[in-house]
Amino acid sequence: MTQEVSVDPPSRSYWGLTGYQWLVIAAAWLGWGFDVFDGLLFNYVSRLCVPELLHLAADDPQRTEKVTFWTGALTSLLLIGWGFGGILFGKVCDRFGRSRTLLITMLVYSLATAGCAFAQNIWMLAFFRFIASLGIGGEWAAGAALVAESVPERKRVMAGMLLYTSSPCGIFLATFVSNFFENHSGLAPSEAWRAVFLTGLVPAAFAFLIRMKVREPDSWKPSAGSGRVRDLFSPALRRRTIGGLSMSIIALLGWWGCFAFIPLISKKLGQGGWGPNAYSLGGLLGTLLTYPIAMTLGRRWMFGIYFFLSAVSIWAAFGAPVSPEARMYLMFLVGVGVFGVFGSFTFYLPELYPMRLRSTGAGFCYNTGRFIAAAGPFIVVSMRNDNTEDLLRAVSWVAVFPALGVVLVLLGVGVETRGQALPDDSP
C-alpha cells in the first residue's frame with residue numbers, strides 16, 4: 001500500500017512574479033511614493049507658509065525674494081537631512097532588516113510632516129522638515145533592497161523600474177492635494193497650507209499594514225560585519241562605490257536644481273500646476289524607459305543617454321527664449337531625462353554590493369550625493385533672481401551638471417552590471 005503524499009499547489013504568478021512578490025513591490029512602491037509626496041509638500045505651499053511664518057506684509061517689496069530664498073534654503077536643509085537619514089538607516093537596514101526599517105522610516109517621515117502643520121515660526125518648520133527628511137532618506141534604501149532580494153534574478157530590473165514609477169505618482173498626488181486645499185477647499189490660506197501638511201499622516205496607516213504582511217527576504221541574514229561604511233571602499237568594492245556615487249551625485253544635482261523651483265516658476269508664469277504635472281508625466285515615461293535601455297545597451301550607456309537629454313532639455317526649458325506655454329511643454333522633456341534616470345538606481349545600486357552591505361552601499365551612494373546636491377537650490381537662490389527671467393536664467397545653469405555626467409560616462413566611470421547576478425558576501 002503506497003502512502004499518498006500531499007503536494008501544495010504552486011503559487012499563481014503574474015509576469016513571472018508570485019502574489020507575495022507583487023505585495024513586496026506594492027509595499028515598497030507605496031513607501032517611496034508617499035516618501036516623495038511628503039518630501040515635496042513644502043515646495044507647493046512655500047508661497048503661503050513662508051510669508052505667514054516670517055510675518056511678511058502683502059506689500060513687502062522683498063516678499064518674493066524672501067520666499068524664493070527660504071524655498072531654496074529649506075530644500076537644501078531637506079537634502080542634508082535626507083543624506084544623513086539615508087546613511088543612518090542604510091546601516092540599520094543591513095543590521096536589523098528590510099521590512100522593519102521600512103516601517104520605522106515611514107512612521108518618521110509621516111509624523112514629522114504632519115508636525116509641520118503646527119509650526120509657529122520658520123524655525124519650527126525647519127525642525128520638522130529635518131526630522132521628516134531623516135525618514136525620507138532611509139526609506140529608499142530599505143525598499144530598494146527589499147525588492148531586489150525578494151524577486152527572481154531575471155525580474156530584478158523590471159521590479160526596480162516599477163518601484164520608481166511611484167515617484168511621479170507621488171508628485172501628482174502632492175500637486176492634487178496642494179491645489180485642492182489652496183483653491184477648492186474653502187479654507188483660508190493660513191489654514192490651507194497646514195491642512196496640506198496634515199495629509200502627510202496618511203503613510204502611517206499604510207506602514208502598519210506593510211509590517212503585518214511583509215516579511216524579511218529569505219536571503220537576508222543579520223551579520224556582525226554589516227553596515228560598515230569603510231567596507232564600501234575596500235579594494236573589491238571601491239570602483240563600484242565611486243561609480244555609483246558619481247552617477248547619483250550628477251542625477252541629484254539635476255533633479256533638485258530644477259524641481260525645487262518648477263512649482264514656483266510655473267506659478268510665476270501663470271501656468272498653475274502645469275509645470276509639475278508635465279515634469280511628472282515625463283518622469284513616468286523616462287522611468288519606464290530605463291528597463292528596455294538598461295537591458296539592451298547596459299547601465300553605463302543608459303546613464304550617458306539620460307544625462308545628455310537632461311542637459312539639452314534643461315537649457316531649452318529654462319534658458320531658451322520661448323513662450324510660457326512652450327516652457328511647460330518642455331518640462332515634459334526635462335522630466336524624461338532628469339526625473340526618468342532615477343528609475344535605474346532602484347535596480348543599479350543594489351546590484352553593486354553583497355547582501356551584508358546592500359542597503360548600506362545603496363543608501364550611501366544615493367544619499368551622500370544629497371549633501372552636494374543641497375548646494376544646488378542654495379546656489380540658485382543666491383544668484384540674482386528677484387524676477388522671473390533672472391530665476392529662469394539661474395536654473396538654466398543646472399544643465400552643466402548632467403553635461404559633466406556625459407563626460408564621466410565617456411571616461412569610463414561606473415561599473416557595468418548588465419547580466420550579472422547580485423554579488424555574494426565574499427568581498
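In which helix is the place of Gln 21? I found Gln 21 in helix H1. Helices here are DSSP runs of H or I with at least four residues, numbered from the N terminus.

Before going on, I noted that this is a predicted model, where local features need pLDDT of at least 70 and side-chain atom pairs count only at pLDDT 80 or more, while totals for chains, interfaces and linings use all residues. Residues are numbered from 1 along each chain as its sequence is written, and side-chain values use heavy atoms, with hydrogens and water left out.

**Gln 21.** I looked up its accessibility. Gln 21 is buried, at a relative accessible area of 14%; buried means under 20%, with a 1.4 Å probe and protein chains only. Beyond residues up to four places away in sequence, Gln 21 touches Gly 16, Ser 150, Val 151 and Pro 152. Contact means heavy atoms within 4.5 Å.

**The core.** I turned to the largest nonpolar core, which has 125 residues. Such a core is a set of buried Ala, Val, Leu, Ile, Met, Phe, Trp, Tyr and Cys residues joined through side-chain atoms within 4.5 Å. Leu 125, Trp 255 and Phe 318 have the most contacts inside it. Helix H1 (residues 19-53) gives the largest share, 17 residues. I checked Leu 125: among the residues it touches, leaving out those up to four places away in sequence, are Phe 42, Cys 49 and Leu 53.

**H2 and H15.** I compared helix H2 (residues 63-96) with helix H15 (residues 358-373). They pack at about 170°, with axes 7 Å apart. That makes H2 roughly antiparallel to H15, a label for angles over 145 degrees. The axes are lines fitted to C-alpha atoms over the stretch in contact, and angles run from 0 to 180 degrees between N-to-C directions. The contact includes Trp 82 and Phe 84 of H2 and Phe 364 and Phe 371 of H15.

**Ala 362.** I stayed in H15, where Ala 362 lies. Is Ala 362 buried or exposed? Ala 362 is buried, with a relative accessible area of 2%. Ala 362 and Ala 145 are 217 residues apart in sequence, yet 8.2 Å apart in space, C-alpha to C-alpha. Leaving aside neighbours within four places, Ala 362 contacts Trp 140, Leu 349, Pro 350, Tyr 353 and Leu 357.

**H11 and H12.** Last, I checked helix H11 (residues 274-297) against helix H12 (residues 299-319). They pack at about 140°, with axes 8 Å apart. Residues meeting there include Leu 289 and Ile 293 in H11 and Trp 301 and Ile 305 in H12.

Notes:
Helices (H or I, at least four residues) and strands (E, at least two) are DSSP runs, numbered from the N terminus. Angles under 35 degrees count as roughly parallel, over 145 as roughly antiparallel, 65 to 115 as roughly perpendicular and the rest as oblique. Buried means under 20% relative accessible area, exposed over 50%, partly exposed in between (1.4 Å probe, protein chains only).
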